[in-house]
Amino acid sequence: MTSNRVSRRIVLQSSVAATAWLAAAPAIIGRAEAAVMKMRCSSSLPNDPKYANGRVYYDNLVKSLKANGLGEQIEVTFFPDNQLGQEIDVINSVKLGVIDLMVSGSSISANLVPLVGTFDLGYLFTSFQQQTKAFDAGAAKPIEAALLKGAGIHIIGWAYNFGARSVLAKKPVKTPEDLAGLKIRTLPNPIITECLRLMGAAATPLAFGEIYTALQAGVLDGLEHDPPTILASKFYETAKHYALTQHIFSPLAVYFSDTSFNRMAPKLREGFLDAANKAATDTRAHGLAVEKEALAALVEKGVTVVECDKEAFRKRVLPQTDNFIKARPEAKAVVDLIRATQA
């Protein structure tokens, strides 16, 4: 008799427990499904919320994720100032899926897929506004496809570097003859290195994180970059002459690992990609505004802005594009579309 009562009690308790678990199961499963996706975003530039394009993009991305209702589902941690390694190492880590996101110029990925170097050809673009029109017309699509196929990296947004690349040097540069023999730092990218060589410089590839000390030590006579980056990184402390060569309007790319892309649920991915594009658009507007402001700030800090013979530099660089197309015929359609686009 006692045994039957105990058995009945155990069955009832088990039933109650099972019912309670089943009732709670959707909430438990829901919590598991809603686990936060954590991502890392790298930039080589300083953690400057105004003049550093990586930080500006990151802030815009966080804002856009919240606006899309994804602030609780996606957590992006920002690593500025080469904290995750030099750019060439980071882009390889994005390729391998070790790092999720990277904000950098198109130049760095040309080391993995040379066709991306099309966008670094000297005097190809005339302005960032013209670049946007060309991209909207389809000029970026073949490059994006090549990078995804060749390196497993998506470009999920195009923004602007904060100004065209021009030459900052320790002496005034107005003509190609003035640039002759000067050791000018370039990105570790053969296209940009060749562009500066054609302009007359002793082009010197070097990682971004090594520029300041190389300028101090006299290993470099200057570098080529945009005004906000020069300001944020304090390169003006050792080189005081900024020649407005404006030889490259290199686009800013938001790189996303295909590994990270594939581990996102489709609905989550859709919202994330939309937020990433909105953040890129906001970053473009910011970049156009701060370029002039940064140039004025450099003058206040003792930098002399030099109006140079831009046409003389452009003529010297023109053969670069023809040679690039001969080596990579698939670039011709992209170049033709860009050249046909008016600002």
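With 4 residues, β4 gives the most to the lining of the second largest pocket. In this predicted model, local features need pLDDT of at least 70 and side-chain atom pairs count only at pLDDT 80 or more, while totals for chains, interfaces and linings use all residues. Residues are numbered from 1 along each chain as its sequence is written, and side-chain values use heavy atoms, with hydrogens and water left out.

A pocket is an open set of points on a 1 Å grid over the protein atoms alone, where a 1.4 Å probe fits and protein lies on both sides within 12 Å along at least five of seven lines; its lining residues have an atom within 4 Å of a point. Strands (E, at least two residues) and helices (H or I, at least four) are DSSP runs, numbered from the N terminus.

The largest pocket is lined by 18 residues, and Y123, L124, F125, T126 and R314 lie nearest its centre. Two or more lining residues come from each of α12 (310-327) and α13 (332-340); α12 gives the most, with 5 residues.

The table gives volumes (the space filled by probe spheres set on the points, which are joined across faces, edges and corners).

| Pocket | Volume |
|---|---|
| Largest pocket | About 280 Å³ |
| Second largest pocket | About 210 Å³ |
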